[in-house]
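Here is a short briefing on one protein model. Look over the sequence and the structure before reading on.

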Amino acid sequence: MLDRPHLVDSLTEVLSTVRLHGALYCSSELSAPWGITFLARECAAFHVVDRGSCWLRVAGQPEPIALRGGDLVLLPQGDEHTVSDTPRGKARVVDFQDHPGVCGPMMRWGGGGEKTRLVCGEIYLEEDGFQTLRAHLPRVMHLRGDGDAPAEWLQLTLKFLASETSEARPGSYSVITRLIDILFVQAIRVWLSGNAPVTPGWLAGLREPAIASALALMHSQPGKDWTVESLARQVGMSRSAFSELFVQLVGEGPLTYLTRWRMHRAAAWLRSEPSLSVIEVAQRVGYDSEAAFNRAFKRALGTPPGAYRREGRAQAAERRPSLPSLA
C-alpha cells in the first residue's frame with residue numbers, strides 16, 4: 001500500500017519541472033451591487049474570498065456557484081467568468097491584459113451596499129513536451145473555507161495572501177507571487193485527496209497506490225534502466241496486470257510515459273542548469289549515446305537539445321509575464 005509521502009513526492013517531482021509564475025490582478029473591496037467579468041486568458045485564474053460572499057458564473061456552465069468567506073476558486077483553463085454579488089447580477093467587463101492600471105493594489109468599487117473583499121490573480125504554467133497539467137484539471141476547482149482538515153492548512157496560505165494584499169509593504173510583491181505558486185500546489189493536493197473524477201493522465205495515476213508508486217520511481221530515478229517487469233515487481237503486481245492498470249489510468253503504456261517524462265526532465269535541466277553539457281543531461285535520463293538522446297529529444301519536443309537550450313535563453317525575459325500596475 002502506498003503511503004501519503006509517496007504521493008506528495010511524485011507530485012512534487014512533476015511540479016518541480018513546471019515553471020509557475022503567479023501574478024496578482026488586485027485586491028478588491030466591492031460593495032453591492034457589483035459584478036466583474038474576466039475575459040478568457042491563456043493561464044489559470046483564481047479568486048480568494050477574503051470577506052463576505054459572492055457568486056461565480058463560468059462561461060459554458062449553466063449554474064452559478066456560491067462563494068463564501070475563506071473560499072478559493074481556481075479556473076485552470078482560464079475560462080471567461082463573472083464574479084458578482086448576486087447569481088445573475090450585471091457585470092462590467094475587465095481585461096487586465098489590454099487595460100493595465102484599471103485598479104491599483106486595492107480596488108474599491110460598487111454601489112455602496114454589503115461589502116465583499118476578493119483577492120484575484122492568475123498563474124502561468126510553462127510545461128515543455130509533457131502532458132500539460134492544466135489539461136487534466138477540471139474547469140473549476142472550488143475549495144471551501146469551511147471544509148475538513150486538508151482545507152484547514154490551505155487556509156493558512158489564504159490568510160497570509162489576504163494579509164499581504166491588504167496594504168503595500170516592502171517586499172510584498174515578491175511574497176505575494178511566491179504565495180500564489182504555493183497556493184496552486186496546495187489546491188491540487190486538496191483536490192487530489194477528494195473524489196472528483198480525473199481524466200486519464202499522471203494525476204489520475206497518483207490516486208491508485210500501485211501506479212502512484214511506479215510513477216514515483218520513474219519520476220525520482222529517470223536514468224534507471226526500467227522495464228515493465230521491473231516496475232511491476234517493485235509495486236507487487238504481475239506484469240500484465242500492472243501494464244493494463246497503468247494504461248487504464250494514465251492513458252499510455254509505462255515505457256511510453258517514461259520516455260516522455262525523461263524528455264520533460266531533460267528539458268527542465270537544459271533550461272535550469274546551463275553548466276550541464278548535453279551528454280551529462282542525456283546520462284541523467286538514461287542515455288549513454290548523445291546521438292540517441294538528440295533523436296529522442298527532437299522527436300518529443302520538435303527541436304534538438306542544443307537549439308532548445310539556446311531558444312530558452314533568448315526567450316526567458318519574453319516568456320515571463322509582464323505585470324502591470326495592478327500587481
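What pLDDT does the protein chain average? The average is 82, and 81% of the residues score at least 70; pLDDT is the predictor's confidence in each residue, from 0 to 100. This is a predicted model, where local features need pLDDT of at least 70, side-chain atom pairs count only at pLDDT 80 or more, and totals for chains, interfaces and linings use all residues. Residues are numbered from 1 along each chain as its sequence is written, and side-chain values use heavy atoms, without hydrogens and water.

- Over residues 1-8 the pLDDT is below 50.
- Residues 319-327 also have a pLDDT below 50.

**Overall build**
- The protein chain has 11 helices and 11 strands (DSSP runs numbered from the N terminus: helices are H or I, at least four residues; strands are E, at least two).
- Of its 327 residues, 50% count as buried, meaning under 20% relative accessible area with a 1.4 Å probe, protein chains only.

**A cis bond**
- The peptide bond from Ala-32 to Pro-33 is cis, with omega near -5°.
- Pro-33 lies in the loop between strand S1 (19-31) and strand S2 (35-38).

**Aromatic rings**
- The structure holds 5 aromatic pairs (ring centres of Phe, Tyr or the six-membered ring of Trp within 6.5 Å; planes under 30 degrees apart are stacked, over 60 edge-to-face, the rest tilted).
- Phe-297 and Tyr-308 pair edge-to-face, 5.4 Å centre to centre, with 75° between the planes.
- Phe-297 belongs to helix H10 (residues 290-301) and Tyr-308 to helix H11 (residues 305-319).
- Both Phe-297 and Tyr-308 are buried.
- Ring pairs join Tyr-287, Phe-293, Phe-297 and Tyr-308 into a cluster.

Notes. Contact means heavy atoms within 4.5 Å.
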